[in-house]
Structures are given as C-alpha cells and as structure tokens.
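Student: Can we walk through the ring contacts, strand pairing and helix packing of this protein?

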Amino acid sequence: MRTVLESPPTLVSVLGTAYRRLTGICEALTVEVADPRTAYDQPAFTGAELMSDQSALDAFLEAEATRIHTRFAHTPRSHVTASRALHDYAWSVALLMSGVWYLERRVPRIRPQSVRLDLAAGAYTITPEPRVACLPGDPVAALPGAVTVAGEEALRAELRAAVADHMRPLLTALGPAVRRGPRALWGMVGDDLVSGIWYLGRTLGREEDAVRAATALLPEPVSPYPSGADFRLLTGIDGRRHTTRTRAGCCLYYAIRPDEACGTCPRVCDTERLRRLEE
C-alpha cells in the first residue's frame with residue numbers, strides 16, 4: 001500500500017483554513033477564500049485599486065448605489081452610497097482579521113491588494129498571505145512569515161494596527177465622497193471592528209465572552225479609534241438584561257429606511273432598543 005505524505009503546513013494554508021472556518025460560521029460575511037483556478041466573470045477590483053484608481057472607486061460606488069436601489073427601491077444620495085459602501089468593506093475586512101484573532105489568537109495582516117471585490121455580487125475574495133502575529137508557544141510561530149508578540153495585549157495592539165493600516169488609505173480615498181472628517185470615519189471603522197466581534201460571539205452563543213474581548217480590544221479611545229467599545233446593559237420590565245452600545249460613526253442606514261435605523265444608532269433611544277430586543 002502506498003503512503004501519501006501530506007504537505008507541511010504553511011501560513012497560507014493555515015490562514016486559508018481559518019478564513020474558511022470563519023466564513024462558515026458567519027452567514028453575513030460574504031467572503032470566499034481565493035482559488036487560483038477561479039476565473040472572475042464579473043467586474044472586480046482589488047482593495048488597492050479602490051485606493052489608487054478613481055475609475056475603480058467610481059465603479060465601486062456605482063455598484064453599491066445599484067444594490068441599494070434594487071433592494072430598497074430607493075435612490076440614495078451620493079454620500080449615503082459612499083457611507084454604506086465603506087461600512088460594508090470595513091466590517092468585512094475587519095472581521096476577517098478580528099475573527100481569526102477571536103477564534104485562534106492570531107492576527108493576520110491583510111494587504112489591500114489581497115482583497116478582491118466582485119462588484120455585481122457585492123462579495124469579497126481574500127487571498128491568504130504568510131503574514132501573521134501570534135503568541136509565544138503557538139505552533140505556527142516557527143513558520144516563515146510569523147511574528148511572535150509578547151502577550152495578549154501586544155496581540156490586541158497588533159489587531160488594532162492591522163485594521164488601521166489596511167483602512168487608512170481607503171478612508172483617504174473615500175473621505176470626500178462620504179463628506180465626513182477623520183474622527184467620524186475612524187469612528188465607523190472602530191464600530192465595525194467591535195460589532196464584527198460582537199456578531200461573531202452572538203453567532204457562536206458566546207455573546208458575553210465576545211463583549212469582554214471587544215472591550216479589552218478597545219477599552220477606551222485608542223488612536224486612531226476615537227471611541228472605546230462602550231458596551232452597556234439595558235434592563236427590561238421583566239428584569240432581563242440586554243447588551244447594547246451606541247455607534248461612534250453613523251453608517252447612514254436610517255437615510256435609506258428611516259423607520260428601521262440600526263439598533264445601535266445614536267438616533268434610537270433606549271426605550272425603542274428594549275422594544276426591539278424583547279420582541
């Protein structure tokens with residue numbers, strides 16, 4: 001009988017497995033892991049092209065406007081389109097990094113050129129790269145491309161920096177279209193970083209643990225993020241307690257559906273939040 005030897009693991013294969021695990025858990029995360037045999041039949045751009053090519057950025061925003069119109073029968077104003085597009089990108093890319101951190105205590109570095117967007121589908125493809133930070137004793141620490149950091153706080157700092165480094169050039173490119181200043185833009189990125197972890201925890205039935213993790217990640221404003229996670233509890237008339245927070249940067253969903261503003265929107269009062277949570 002012939003023995004088939006398995007290839008030794010690489011960071012690319014390890015991260016590919018981690019991303020697939022994450023997307024299998026998170027139904028709302030519309031990301032595929034790159035297969036070099038896959039051909040792109042739809043117009044697609046990399047994240048790097050959005051940040052450097054105005055025609056790519058225009059196509060990205062036009063595709064978002066089309067999706068909003070198709071889904072909601074609503075023609076959004078240009079800054080609303082830009083805000084929604086930025087929110088979707090930031091939430092998806094941040095969750096790819098924060099999800100691996102939460103599940104496996106590793107922080108991948110994702111370059112904009114490793115993210116590809118299918119404009120028609122509004123979906124993302126990630127190409128894993130051999131770039132990861134990990135803790136001492138992690139089995140991947142010896143693999144080429146791995147960087148060992150001192151401990152949990154250093155790993156959290158690596159995650160904050162990885163998300164910020166990826167998003168910074170996109171905020172520069174999209175800022176004029178969104179029509180908001182740096183504080184509001186970074187507030188949105190911080191919101192999406194925190195809310196992705198919260199969403200993952202709820203999906204796994206581990207909301208309290210995820211809230212603790214997100215709070216440890218952003219216990220207070222940490223540059224460039226202008227706000228901490230700032231979770232708080234609401235108590236219903238039956239005594240049950242519900243976790244909530246108020247976004248630091250608005251995603252402008254209310255401008256599309258005024259009566260269906262996000263549950264963490266600054267425009268939604270605690271009474272309305274409790275009504276929704278207890279339905």
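The questions and answers below take these topics in turn.

Student: How many aromatic pairs are there?
Tutor: This is a predicted model. Ring centres must lie within 6.5 Å to pair. By this rule the count is 5.

Student: What kind of aromatic pair do Trp186 and Tyr225 form?
Tutor: A pair of rings is described by the distance of the centres and the angle of the planes. For Trp186 and Tyr225 the centres are 6.0 Å apart and the planes stand at 90°. Planes over 60 degrees apart have their own class. The Trp186 and Tyr225 pair is therefore edge-to-face.

Student: How many residues apart are Trp186 and Tyr225?
Tutor: Trp186 sits in helix H6, residues 182-203. Tyr225 sits in the loop between helix H7 (207-217) and strand E8 (232-235). The pair links distant parts of the chain, and the separation is 39 residues.

Student: Are Trp186 and Tyr225 buried or exposed?
Tutor: The cut-off for burial is under 20% relative accessible area. Both Trp186 and Tyr225 count as buried.

Student: Which parts does the pair of Trp198 and Phe231 tie together?
Tutor: The rings of Trp198 and Phe231 are edge-to-face, 5.1 Å centre to centre with 80° between the planes. Both Trp198 and Phe231 are buried. Trp198 lies in H6 and Phe231 in the loop between H7 and E8, so the pair joins parts 33 residues apart in sequence: helix H6 and the H7-E8 loop.

Student: Which residue lies over the face of Phe231?
Tutor: Phe231 also pairs with Trp198. The residue over the face of Phe231 is 5.9 Å from the ring centre, and it is Arg245.

Student: In which sense do E4 and E5 pair?
Tutor: Strand E4 covers residues 115-118, and its pairing with E5 runs over 4 bridges. Val115 stands opposite Ile126 in E5. The sense is antiparallel.

Student: Which residue takes a positive phi in the hairpin of E4 and E5?
Tutor: This hairpin has 4 residues between the strands. The phi in question is near 65°, and the residue is Gly122.

Student: In which sense do E1 and E5 pair?
Tutor: E1 spans residues 31-33 and E5 spans 123-126, with 3 bridges between them. Val31 stands opposite Tyr124 in E5. The sense is parallel.

Student: How does H3 pack against H5, and with which crossing?
Tutor: H3 (residues 54-72) and H5 (residues 152-178) have axes 12 Å apart, at an angle of about 55°. That angle makes H3 oblique to H5. The crossing is right-handed.

Notes
Residues are numbered from 1 along each chain as its sequence is written. This is a predicted model: local features need pLDDT of at least 70, side-chain atom pairs count only at pLDDT 80 or more; totals for chains, interfaces and linings use all residues. Side-chain values use heavy atoms; hydrogens and water are left out. Rings of Phe, Tyr and Trp (its six-membered ring) pair if their centres lie within 6.5 Å; planes under 30 degrees apart count as stacked, over 60 as edge-to-face and the rest as tilted. Helices (H or I, at least four residues) and strands (E, at least two) are DSSP runs, numbered from the N terminus. Buried means under 20% relative accessible area, exposed over 50%, partly exposed in between (1.4 Å probe, protein chains only). A charge sits over a ring if NZ of Lys or CZ of Arg is within 6 Å of the ring centre and within 35 degrees of the ring normal. Two strands pair if DSSP finds at least two bridges between them. Axes are lines fitted to C-alpha atoms, for helices over the stretch in contact, and angles run from 0 to 180 degrees between N-to-C directions. Angles under 35 degrees count as roughly parallel, over 145 as roughly antiparallel, 65 to 115 as roughly perpendicular and the rest as oblique. A crossing is left-handed if the near helix is turned anticlockwise from the far one by less than a right angle, and right-handed if clockwise.
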